[in-house]
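Let's take a friendly walk through this protein. Have the sequence and the 3D view at hand as you read.

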Amino acid sequence: MYRFLLTPRWLGCLALTLVAAALMVFLGNWQLDRYRGRTAINERIDAGATMSPAPLRDAMPAPTGGPGSAGPAPADRLTWTRATATGRYDPANVVLVRGRTVDNTVGFEVLTPLVLADGTAVLVDRGWIPPAPGAGATAQPQVPAAPTGEVTVAGRVVASESGAGAVDRRDGKLETRRIGVSRLARELPYPIHGGYLLLDQQTPAADPAFQTVPIGHTNNWQNFGYVVQWWLFAGMSLVGYGWVARREARRAAGLDKPRPPIDRAAEPAPSASV
């Protein structure tokens, strides 16, 4: 009954089905890797809420280049963990990151380089502030002055953002849309670490004008849903091939004969009830 499966036409259909199923399994495995990676990020975010901060040198390798260069990026396993550093803020090179939203309000995140004892620096995201009152969302805000003297900070280790664009200097401050550490390093007079710190503690205390930048968890369950979806599609493609092949075999064997059309006009009319 199934010798027709060895014909070129059906062999071609089988090959296409197997290739499609294999591709869907591959896409499911890829989404599974993304699910595991995002789950690990969420676990580090949760663990960072209670962990003691490690020294900065344990979280991010120190830069080894000259001024205007950035060091290696922090290892994935260390992002969103907590680190601490001590140095002096450089108020001459404040970075405003525009277009950042907190509580449905568009404003700025403020990054200030913390210059360490060895002459390198790490960018510290001191928090979020709204734009200047009565102005547009791109109007520069009044940035609270950074503390003078020695400052100790603790915060989350964050990797450089992708898609870094232009960096402009306006009214004495650097402005950008994305926190691209390597791109920002070119505007600074010292080597900087390859990631930055999202501040959560500071001595002396941070200015209350800053709002804490919220840390959002990744949507790992969306990736898990894609895993199930692609693997179901792979199984359905194989089941569909088998169903079509079985239907063709029964038709060739005469087991599935077409039914004659029903002549509804020849049927007796129902008797009217009295």
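## Aromatic pairs

A residue is called buried under 20% relative accessible area, exposed over 50%, and partly exposed in between. Phenylalanine 224, with a relative accessible area of 32%, is therefore partly exposed. Please keep in mind that this is a predicted model.

The whole structure holds five aromatic pairs. In one of them, the ring centres of tyrosine 35 and phenylalanine 224 are 5.3 Å apart with planes at 50°, so this pair is tilted. Tyrosine 35 sits in helix H1 (residues 8-48) and phenylalanine 224 in helix H4, so their pairing ties together parts 189 residues apart in sequence. Tyrosine 35 is buried, at 16% relative accessible area. Ring pairs join Tyr35, Trp221 and Phe224 into a cluster.

## Along helix H4

What is the geometry of the rings of tryptophan 230 and phenylalanine 233? Their centres are 6.0 Å apart and their planes meet at 85°, so the pair is edge-to-face. Both residues lie in helix H4, three residues apart, or about one turn of the helix. Tryptophan 230 is partly exposed at 24%, and phenylalanine 233 is partly exposed at 36%.

A nonpolar surface patch is formed by Trp221, Phe224, Val228, Leu232, Phe233 and Met236, with about 610 Å² of accessible area together. Methionine 236 belongs to helix H4 (residues 220-252) and is exposed, at 54% relative accessibility.

## Asparagine 93

Now for a loop residue: asparagine 93 lies between strand E2 (82-89) and strand E3 (95-102). Is asparagine 93 buried or exposed? At 9% relative accessibility, asparagine 93 is buried.

The asparagine 93 side chain makes polar contacts with the side chains of aspartate 90, at 2.7 Å, and arginine 169, at 3.0 Å. Beyond its neighbours within four places in sequence, asparagine 93 has contacts including Leu111, Pro113 and Tyr190.

Note on methods
Residues are numbered from 1 along each chain as its sequence is written. This is a predicted model: local features need pLDDT of at least 70, side-chain atom pairs count only at pLDDT 80 or more; totals for chains, interfaces and linings use all residues. Side-chain values use heavy atoms; hydrogens and water are left out. Patches are made of residues with over 30% relative accessible area and no salt bridge: like charges are joined within 9 Å, nonpolar side chains (Val, Leu, Ile, Met, Phe, Trp, Tyr) within 5 Å. Accessible areas come from the Shrake-Rupley method with a 1.4 Å probe; for residues, only the protein chains shown count as cover. A salt bridge is a side-chain nitrogen of Lys or Arg within 4 Å of a carboxyl oxygen of Asp or Glu. Helices (H or I, at least four residues) and strands (E, at least two) are DSSP runs, numbered from the N terminus. Buried means under 20% relative accessible area, exposed over 50%, partly exposed in between (1.4 Å probe, protein chains only). A polar contact is a pair of N or O atoms within 3.5 Å; within protein, one must be able to donate a hydrogen and the other to accept it, and residues adjacent in sequence count only if both atoms are side-chain atoms. Contact means heavy atoms within 4.5 Å. Rings of Phe, Tyr and Trp (its six-membered ring) pair if their centres lie within 6.5 Å; planes under 30 degrees apart count as stacked, over 60 as edge-to-face and the rest as tilted.
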